[in-house]
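Please view the sequence and the model together while reading.

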Amino acid sequence: MENSNQKLLEKINFLLGKGQNITQNYLGERYERYAPSILFSEFKTGSLSFISNVFGTDSDYYQQFKAATKGSFYYDIESAIGILNSIKTEIESGWLISFKKLVEADVFCDFLEMAEYLLEEKYKDPAAVMIGSVLEEHLRSLCFENSIPVFDEPKEKQIPKKASRLNDDLAKNGVYNKLIQKSVTSWLDLRNNAAHGKYEEYNIDQVKLMYQGVFQFLSK
């Protein structure tokens with residue numbers, strides 16, 4: 001958790017540095033001071049990307065920051081910096097990741113219990129989909145903890161990365177090794193087969209092994 005917090009703090013400090021750089025390079029005079037367009041664009045885009053990855057686009061932080069940066073006057077910039085400082089305080093306290101982990105643990109446990117019940121009742125297909133969904137959300141959580149983007153942003157439109165991309169990025173960044181990456185790939189393939197109706201491509205024993213593997217993966 002300390003390592004995750006450190007990476008988040010490094011990113012937020014980087015963004016705050018961009019904001020402070022703007023305050024030292026305002027254009028205009030006194031109450032009409034405004035940010036240079038290039039510096040403002042870099043600060044706004046980078047900050048919104050970070051906030052969306054951490055809190056989501058529906059969060060108060062994201063909406064407040066987006067509203068604050070509709071303009072580029074000095075008071076807009078100072079308001080945006082204040083929002084980033086609030087986020088920094090949450091990260092420094094450790095509350096952000098601790099709370100997120102507690103919520104996820106409860107939710108994942110409930111879904112895996114349901115998947116286990118489905119397997120006991122021989123319903124391999126919905127069980128595979130459910131286990132795969134838990135796995136994908138855990139991959140997103142790991143990306144969040146390690147400051148790895150979970151969205152692609154062509155032309156300012158956010159597109160969630162597929163689970164296979166998240167898996168590749170996590171391995172590339174050393175969050176886990178190649179052996180685990182291959183296991184995750186096989187579990188995702190099984191989930192995709194179940195989700196697309198290719199039920200003959202796997203059997204219930206493989207889903208049981210998937211359940212055991214994902215359960216152990218989440219427990220680490």
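A nonpolar core is a set of buried Ala, Val, Leu, Ile, Met, Phe, Trp, Tyr and Cys residues joined through side-chain atoms within 4.5 Å. In this predicted model, the largest such core comprises 33 residues. Those with the most contacts inside it are Ile131, Leu135, Leu139, Tyr176, Val184, Val207 and Phe217. At least two residues of this core come from each of helix 5 (95-120), helix 6 (124-145), helix 7 (163-172), helix 8 (178-195) and helix 9 (204-219). Helix 6 makes the greatest contribution, with nine residues.

When residues up to four places away in sequence are not counted, Leu135 touches Val184, Trp187, Leu188, Val214 and Phe217. Another core lies apart from the largest one. This other core has 27 residues, including Ile12, Phe40, Phe43 and Tyr62. In soluble globular proteins, nonpolar side chains tend to be buried together.

The wider architecture may now be considered. The secondary structure consists of nine helices and two strands, and along the sequence these elements follow the pattern α-α-α-α-α-α-β-β-α-α-α. Among contacts with a separation of 6 or more, 64% join residues 24 or more positions apart.

The protein has 220 residues, of which 42% count as buried.

Methods
Residues numbered from 1 in each chain as written. Predicted model: local features only at pLDDT ≥ 70, side-chain atom pairs only at ≥ 80, totals over all residues. Heavy atoms only, no water. Helix = DSSP H or I, 4+ residues; strand = E, 2+ residues; numbered from the N terminus. Buried < 20%, exposed > 50% of the residue type's maximum accessible area, 1.4 Å probe, protein only. Contact = heavy atoms within 4.5 Å.
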